[in-house]
Every structure is written in structure tokens, then in C-alpha cells.
Amino acid sequence: NRGLAIACAIERTVVGLFRRRSDRRLEAFSTSYPDDPRSIDLDRLAPGSAGWGAYLEGVAAELIAAGDPVPGASLLVDTTVPETGGVSSSAAFELAMTLGLGELAGSSRPPIESAILSRRAENGPFVRSPCGFLDQGAVALSAPGRMVLFDFDAEDERGIGVVQLPG
């Protein structure tokens, strides 16, 4: 998985509504999985969840490991990104959770750092997906009217160039 790759934004979204809670729990609901709400104790995160909750737990664990004081939160997630078709649905979800929970924690990081953290969440013990960086990088760095050029021969994920599309 070396060399150059180009990614661009598509007209799909993940919307997360986040509300701080007074306890250390994440109470999560997804319109994609209305019969599968998740209740997660932030003080007892442990691999073993299946489905979409594993991605949320992985992101929470990575934010905490990065020093973010992640508070309890109620959250609702809605998405138009299809789960199949190779359009980075897990990366889009992870980035939305990274940004939303990070905001509640009072942290701010550049998009590239959010993408790196989200990739760690997907590669880590909660999800265990051996994905590369393209999906998270594309979601974090793409925008309407521009493409992102990735150089995977670079030393790390920061070897990225942004290419503007002609108007």
C-alpha cells in the first residue's frame, strides 16, 4: 500500500448531535440502528462490543488516551453514507465522533490529527480493522471542489498534498 492516491468528497453526510451528561456514560442512538442503542461506561471501556458501538468505544478510548477529558454524553447519529460501496462509512462515523466528543471535551485538533486518531480507533483493539489511512484522511481533508493527493511513500500520514480542482 504505497504510492500516490487521490480522494475527493462525495455528497453524503454524518450528522451527530451531542449533549453533555453529568455522569461518565455515553448514551448513543443511531437512526441506522434504531433497535440497537448503546450505553457505554467511559470508566470501563473494554474491547468486546460488536457493531457500531465498537467504533464509538474505540474513538472514546483513543480520545482519552490522547489526554482529552471526554465527558459523558447523549448522542444521536444520522447518516446518508451507505455502509457498503467503499465510500468510507466507518471513517465518516469515526471522524464525526472524534469531532463531537472532542468538542465536548474542550479539545481542538487539526483535521489531520483527527484523522490519525480515528484511524487508530479503527486499527485498535475495539474494532481491529487493519485499514490504512486513505479513508480517514479523505473524510477529514476533502471538501467540495477539491481533491486530496496522498503520498503513501512519505514517512507518516502528514505527507499529504491538497490539490484544488479547476473552478
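These legends accompany close-up views of a predicted model. Local features need pLDDT of at least 70 and side-chain atom pairs count only at pLDDT 80 or more, while totals for chains, interfaces and linings use all residues. Numbering starts from 1 along each chain as its sequence is written, and side-chain values use heavy atoms, with hydrogens and water left out.

**View A. A nonpolar patch on the surface.** Here you can find Val15, Leu17, Phe29 and Leu76, which together have about 350 Å² of accessible area (Shrake-Rupley method, 1.4 Å probe). Leu17 sits in strand β2, residues 14-20 (a DSSP E run of at least two residues). Leu17 counts as exposed because its relative accessibility is 53% (the cut-off is over 50%).

**View B. The largest nonpolar core.** This core has 20 residues, being buried nonpolar residues (under 20% relative accessible area) joined through side-chain atoms within 4.5 Å. Among the members that touch the most others are Leu26, Leu63 and Phe93. Elements giving two or more residues include β3 (25-30) and α2 (89-105) (helices are H or I runs of at least four residues). Another core, of 12 residues, lies apart and includes Phe133 and Phe150.

**View C. Around Leu63.** Beyond four places away in sequence, Leu63 touches residues including Asp68, Met97 and Leu117 (heavy atoms within 4.5 Å).

View D. The structure holds 0 disulfides (cysteine sulfur atoms within 2.5 Å).

Technical notes: Patch = residues over 30% accessible without salt bridge, like charges linked within 9 Å, V, L, I, M, F, W, Y side chains within 5 Å. Salt bridge = Lys/Arg side-chain N within 4 Å of Asp/Glu carboxyl O. Buried < 20%, exposed > 50% of the residue type's maximum accessible area, 1.4 Å probe, protein only.
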